[in-house]
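Hello,

Here is the structure for you to look over. My notes on it follow below.

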Amino acid sequence: PLLRMQRWSDEETQALKTMRELMKDELAKVEQNVEVVGDRALLRFYRGHLGNMETACKYLGNYLNWRIENNIDQVRHDIVHGGKNSPKKFPHGEELTTLIPQTVCDWKTQTKLCSPLSILRTTFSPAAVFDSVEREDYIQFIHYTLEYQTLVLEQLAEKKEREALQKAKDAGETLTEPYGVILQACTIRDLTGLSLEHIGPRGSEITRTVVAISQDNYPELLSKLYIVNAPWIFNAFWWALKAVLPTRTVAKVSLLGTSYQTELHKDIDPCYLPPYLGGTYEEDPYEPFEFDTTEGGLLHCPPEVRMK
């Protein structure tokens, strides 16, 4: 028999209880989806703000209001139930994934610590992006990408948890450590082709837009950021960017030049990297993801965390 079935540490178990008590009214205002009101969602804010309960609750409240103001629950519905379960199916997705070569969150790839990969290349023109789509359309696309990534990570984490519990049960093992899983994505920024246009006003606007939305509303989605093929002109931009990033995020960044493959392959098997990054992976990074929202499914919100 399993003698201990504790999902989180004693500290985080108590933190979850406190957050739910302090934020019960705000949590009740939004749709009761597990990646919004579940344990992992709350712990991302708690961990992201270094265990500072007041700050974590402040940003969680801002995030819940932001969801309402920007109709993010409809974005979520579109992705999970409305057939937009691939970045190419997002509004302007076909256009933007062509203009800005990227892998939003390829659930078929992983690092050696099981983080799925996101990849963004700078072989694009910021001017061409904003000549083709309005700024509001680009922001909407970012909303979809972040919501999609959160949903994929939530389902994959829940699957890993259930598999670990089943394995322990089958083996008759005693779980002596918390079994909870919170997955994050590993991001690779390939700066091949970086020019003054990318670090100028229009290019910087793209970066600032993504950072502002993700930093405030989607904390702890990043496990590691590898910046590869970084030319010398990136140095000044990076120093400026570091000033607005949390110290916790900066610590996750590895800034590499053109001789990056040895370091990258320590964390990621080349079978999961595309050829332009020294790997052999050539599968479709936009293959639709099947979300499981059935009763008791991987994205089902358990009654004990619902606030209404």
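**Cysteines and helix 1**

C186 is buried, with a relative accessible area of 0% (buried means under 20% relative accessible area, exposed over 50%, partly exposed in between, with a 1.4 Å probe and protein chains only). Please note that this is a predicted model: local features need pLDDT of at least 70, side-chain atom pairs count only at pLDDT 80 or more, and totals for chains, interfaces and linings use all residues. Residues are numbered from 1 along each chain as its sequence is written, and side-chain values use heavy atoms, with hydrogens and water left out.

C301 is buried, at 4% relative accessible area.

Now helix 1, residues 10-22. Helices are DSSP runs of H or I, at least four residues, numbered from the N terminus. Helix 1 has 13 residues and reaches 18 Å from first C-alpha to last. That is close to the 18 Å expected at 1.5 Å a residue, taken as 1.5 Å times one less than the number of residues.

Which residues of helix 1 are buried? They are E12, A15, L16, M19 and R20. They cover an arc of only 130 degrees around the axis, so they sit on the same side of helix 1. The arc is that of the directions from the helix axis to the C-beta atoms. On the other side, D10, E11, K17, E21 and L22 are exposed.

Best wishes

Technical notes: Helices (H or I, at least four residues) and strands (E, at least two) are DSSP runs, numbered from the N terminus.
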